[in-house]
Amino acid sequence: TKHVLLFPEDPKECFEHTAAALDLADRLQTPVFVMTDLDIGMNQRLCEPLAWDDARDYDRGKVMSADDLDQKDFGRYKDVDGDGIPWRTLPGTHPTRGSYFTRGTTRDPYARYSERGPDYIYNVERLLRKFATAATLVPQPVPRPAAKRTRLGAIFFGSTSCAMHEALDVLAGQGIHVDALRLRAFPFPDTVKQFIDAHEQVFVVEQNRDAQLRSLLVNELEIDPAKLRRVLHFDGTPITARFITQFITDH
């Protein structure tokens, strides 16, 4: 089962992504995890002041009203819009309509128990469409193009940002130009694959031993593993610009 992941880079973005996660969970009808770095939680970090728009309201997603139920055909798992997200109902909305039975086994678009193969395929393929939709709704990647055309790219996320931006400045001063892309969420939007395809070599910078982000990129986007160079920092201290600069310079 896939989930939606959000990758904030600082306390301000943690605040913003947490609010976005509540809306996305209702909109997509799926768990949403805000992946806060241990470094952000345990250290003091400068960020822009927190601000909230008082006019903003909850986005409950596709919820049918009593009038909708009187006028429209309701199927709990029926994809009527082509985005993979079915309409849902809340308890007590209508005296006789809108109820449905949930189960872990196969069901048809109307939530009725089924052992038919086509019904199983329908729901599985609908979930694929839903996560493709999710990729368009989550916070989008932030590009940082190099000053000059380059065959090198770098992908990073979370609290790696400060060190990464400093490293890019240092590398540019040495004549090594690298296009960079900060990921902010998973599933990956189409722009992530486009970025990788546009470069001969891409450094994936992350602060864990197992190169988990790189594995996600390879598995989800069907990227040639040889194209993605691991840059891994996991000694228990925050990653530094010196570490990133040295690794990229050596390669």
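Glu200 is exposed, with a relative accessible area of 56%; exposed means over 50%, buried under 20%, and partly exposed in between (1.4 Å probe, protein chains only). This is a predicted model, in which local features need pLDDT of at least 70 and side-chain atom pairs count only at pLDDT 80 or more, while totals for chains, interfaces and linings use all residues. Residues are numbered from 1 along each chain as its sequence is written, and side-chain values use heavy atoms, with hydrogens and water left out.

Glu200 forms a salt bridge with Arg151, the closest N and O atoms being 3.9 Å apart; the term requires a side-chain nitrogen of Lys or Arg within 4 Å of a carboxyl oxygen of Asp or Glu. Arg151 is partly exposed, at 47%.

By this rule there are 20 salt bridges. One of them joins Arg182 and Glu13, at 2.9 Å from N to O. Arg182 lies in strand β5 (residues 179-183) and Glu13 in helix α1 (residues 11-28), so the pair ties together parts 169 residues apart in sequence. Helices (H or I, at least four residues) and strands (E, at least two) are DSSP runs, numbered from the N terminus. Arg182 is buried at 6% relative accessible area, and Glu13 is buried at 7%. Glu13 and Arg182 also belong to a salt-bridge network with Glu9 and Arg184.

Next, Lys72 and Asp68. Their side chains meet in a salt bridge of 3.8 Å, N to O. Lys72 is partly exposed at 49%, whereas Asp68 is buried at 18%.
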